[in-house]
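Hi,

Here is the structure I promised to pass on. Have a look first, and my notes follow below.

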Amino acid sequence: MRILLLVSAFNGLTQRVWCDLKEGGHDVGVVLAPVHDDSSLVAAVDAIAPDLILCPFLKHRVPEPVWGRYPTVVIHPGPLGDRGPSSLDHATLDGRDRWGVTALSAVEAMDAGPVWATETFPMPEVPIAKSSLYNGPVADAAMVCVEEVLRMVEAGEAPLAVEEWPVSVEGTGELPLLRRQAFEIDWAAPAIEIARRIAAADGAPGAPANIDGKAYCLFDAATTSENHGAPGTVVGCDTDSVAIATGEGTLWVGYAATLGDKKRGPKLPAAWVLETDHAPYRPMPEALAETTYERDGDVGYLTIRSYSGAMHTQQCRRLTDAVRKALVEDTMVLVVRGTEHAFSNGIHLGVIEAAPDPAAEAWDNIRAIDELCLAIAEAEQLTIAAFTANAGAGGVMAGLCADVTVARSGVVLNPYYDMGIFGSELHTWGLPSRVGEEKADELLGAKLPISAAEAHRIGMISEVGPRDAAELEAWLRSLAQGYTEPEAYVPALAARESRRACAMPMSYYQSIELAEMARDIFEDRYGFAAKRKAFVTKAAPSETPAKILF
């Protein structure tokens, strides 16, 4: 079919749908819906004349001339009967134990059309950030709904009125828009309740809090049970994370932003934003740790964590130290993996944009992440990189520096974004050494996402593991353990030596890349500064990029 994705942004879920449809043989294009300009939107859709319109991420109503002429299906992040723009916020804030996704026809009223499909999922017992919820269980349920919509359209079946469907989640209906004040933090409340509010407000609008008479928004929270001081006071610090006393337990936050009368400041590591001069060191909870290491016989597992996947200069340096330390162990295999919710998206554009000298910070960040890539690429142990969640830019390239690279099913990889920079992270070696020069040039030139399945098909990654988190963990451990056996270990080492023998010294690739990056960063020859700012501020695009149109 000729399928149009009508969306507000080419976000993670839209990319996953786009990849899946293209691999399914459909003719797929994207239109970024302009705000308050129905006439140009209608004209754009009419020019495309799609067989079907899917809206996996649309913040505004679809104009009647569009849904009146073309089958238009909205993927709503709420269960059957749920309506409103703050569905996931309510689900987390209200402590729901089950939630869902519904595919329904666009009509005049938002989220009120006939239903094509619906899928529910259990909510995490410990609240997770809204973005993690959206890119994890919500995205998985959305893909089930999309698959059913395609089946029904191809079979000529029609959607049913919501009243004709059995209720899947009790207590749904039209829920109000939640603005920032709805998430305001009361420090007398238990830490776990406050953490829930922060998770629900993740990304936007952010949970506002008053600390020592100053206003902030807090993000990336975890809790511990001990009490250390008066509620609302900073009582500890560890690396970038800050501990704050509550009515019951201690709240830890990894990120924060100043909050003015009208707008929020940049979202930065909490210890950089909050006043921690007199805060003692306390160990942060493992949920916020940048790295954790576990040894299981001859296999070491290094799990890396970064909020939203971005890694700033100091964090890259700490991760490099963690990799080097893990490589000192007398294990045969080192697995470098992300968490269930994030792998890495490379350098931290938010920290760069907020720096007094963004160019200098970008240069430091690039060189720091290069050292991480070198530590992996030159390791003596057999290395396995596992894309446990979506990855982009330098995060993808860092993974390709390993000897064996695998990915979780459903993961989307963005080799590079259109950010006005050449790229570094040994990508001129890591990618061509796997897919060949021609395919590497194609991927780097297109700067478009690919699915884990497609990455495996072209040889970019070695294997694709299960989507279920528990199954993935068991699969990865079995895979890693298998590589300690001679029949797998010896050929893997031989393949690595062959890959390295065909290459120049790693410093050769690094030098070429950094020479290009220096001009991109300091001379800004391709608009890195403007593109970076637009990305960080989430500026609405003025038009749909030609590369994602039909």
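**What I found**

The chain exposes about 23,300 Å², and carbon and sulfur atoms supply 52% of that area (Shrake-Rupley method, 1.4 Å probe; for residues, only the protein chains shown count as cover).

Before you read on: this is a predicted model, where local features need pLDDT of at least 70, side-chain atom pairs count only at pLDDT 80 or more, and totals for chains, interfaces and linings use all residues. Residues are numbered from 1 along each chain as its sequence is written, and side-chain values use heavy atoms, with hydrogens and water left out.

The chain has 19 helices and 23 strands (DSSP runs numbered from the N terminus: H or I of at least four residues for helices, E of at least two for strands). Its radius of gyration is 24 Å, close to the 24 Å from the globule rule for 550 residues, so the chain is as compact as a globular protein of that length (taken over C-alpha atoms; the rule is 2.2 Å times the number of residues to the power 0.38). Along the principal axes, the C-alpha atoms fill a box of roughly 60 × 60 × 50 Å.

As for burial, 53% of the 550 residues count as buried (under 20% relative accessible area; exposed is over 50%, partly exposed in between, with a 1.4 Å probe and protein chains only).

E523 counts as exposed because its relative accessibility is 52%.

Cheers
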